[in-house]
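Please keep the sequence and the model open as you read.

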Amino acid sequence: GTLNVLLAARDEGVRRVVFASSSSVYGAKTELPVDESLAADPISPYGVAKLAAERYCVSFSRVYESFESVVLRYFNVFGPRQSPFSQYAAMVPLFITAIAAGDPVTIFGDGEQSRDFTYVANVVDATVRAAHAGGASGRIFNIAAGSPASVNDVAGAIGEIVGKPVERRFAPERPGDIRNSWADIAAAKDALGYTPSVDLEQGLRLTIEHLGV
């Protein structure tokens, strides 16, 4: 799919393609926060597919002189309009709807695994900047909040905001899950002028407000 987009963009004279990649390309790194210089080592097939697409983007920007691409590695995006009902539903909307209803939340592992939860407005801002920033073509950038929070922390924060106790139901760790993942965003700040404007608590409040719970 990404290759088809790149071919069509090249043939139609599109100036720049911004590709939505994922933190999953890093795999299970112990050097934290992760920066773009670290070798990619994806564990999941999803991460492998994202890495392959990244390489197509960088290759096109090198081979075709008038064609530009920028790769953004998003970290754990959440926010309004994220459905809690999909089979692929992300953790934040699932936790919000469960806690607000007084239901237990399922946590895989001990809940101390950390993620760089990034509110969607920050991602939108970074993506628009990547479409226009000079000197960004052929480069890869982490797009995140730049600070870690554990799964237990997020569950607790949601409980405080909605004013409900949090019942945690722990389940075995899932194969392929990464223990800790959070980003160094210095390169995006420097090249794109990106700075996260909505922190985790603000983002959770806005998401909860949207869900109407």
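N76 is partly exposed, with a relative accessible area of 28%. Partly exposed lies between buried, under 20% relative accessible area, and exposed, over 50%, using a 1.4 Å probe and protein chains only. This is a predicted model: local features need pLDDT of at least 70, side-chain atom pairs count only at pLDDT 80 or more, and totals for chains, interfaces and linings use all residues. Residues are numbered from 1 along each chain as its sequence is written, and side-chain values use heavy atoms, with hydrogens and water left out.

- N76 sits in the loop between β2 and β3 (77-78). Strands are DSSP runs of E, at least two residues, and helices are runs of H or I, at least four, numbered from the N terminus.
- N76 touches S23, R115, D116, F117 and T118, not counting residues up to four places away in sequence. Contact means heavy atoms within 4.5 Å.
- The C-alpha atoms of N76 and D116 are separated by 6.1 Å, although the two residues are 40 residues apart along the chain.

**Strands β1 and β2**

- In strand β2 (residues 68-74), 6 of the 7 residues are buried, so the strand is largely enclosed by the rest of the structure.
- Strand β1 (residues 16-22) runs parallel to β2, and 7 bridges join them. Two strands pair if DSSP finds at least two bridges between them.
- F19 has V71 of β2 as its bridge partner.

**Helices α1 and α2**

- Helix α1 (residues 2-11) packs on helix α2 (residues 45-63) at about 20 degrees, with the axes 9 Å apart. Axes are lines fitted to C-alpha atoms over the stretch in contact, and angles run from 0 to 180 degrees between N-to-C directions.
- α1 and α2 are therefore roughly parallel to each other. Angles under 35 degrees count as roughly parallel, over 145 as roughly antiparallel, 65 to 115 as roughly perpendicular and the rest as oblique.
- From α1, the contact uses T2, L3, L6, L7 and R10; from α2, it uses A53, Y56, C57 and F60.
- By class, this contact of α1 with α2 has 7 nonpolar, 1 polar and 1 charged residues. Ala, Val, Leu, Ile, Met, Phe, Trp, Tyr, Cys and Pro count as nonpolar, Asp, Glu, Lys and Arg as charged, and the others, Gly among them, as polar.

**Helices α5 and α7**

- Helix α5 (residues 151-162) meets helix α7 (residues 200-211) at an angle of about 55 degrees, with axes 10 Å apart. That makes α5 oblique to α7.
- V154, A157, I158, I161 and V162 of α5 contact L200, E201, L204, R205 and I208 of α7.
- The α5 and α7 contact holds 8 nonpolar, no polar and 2 charged residues.
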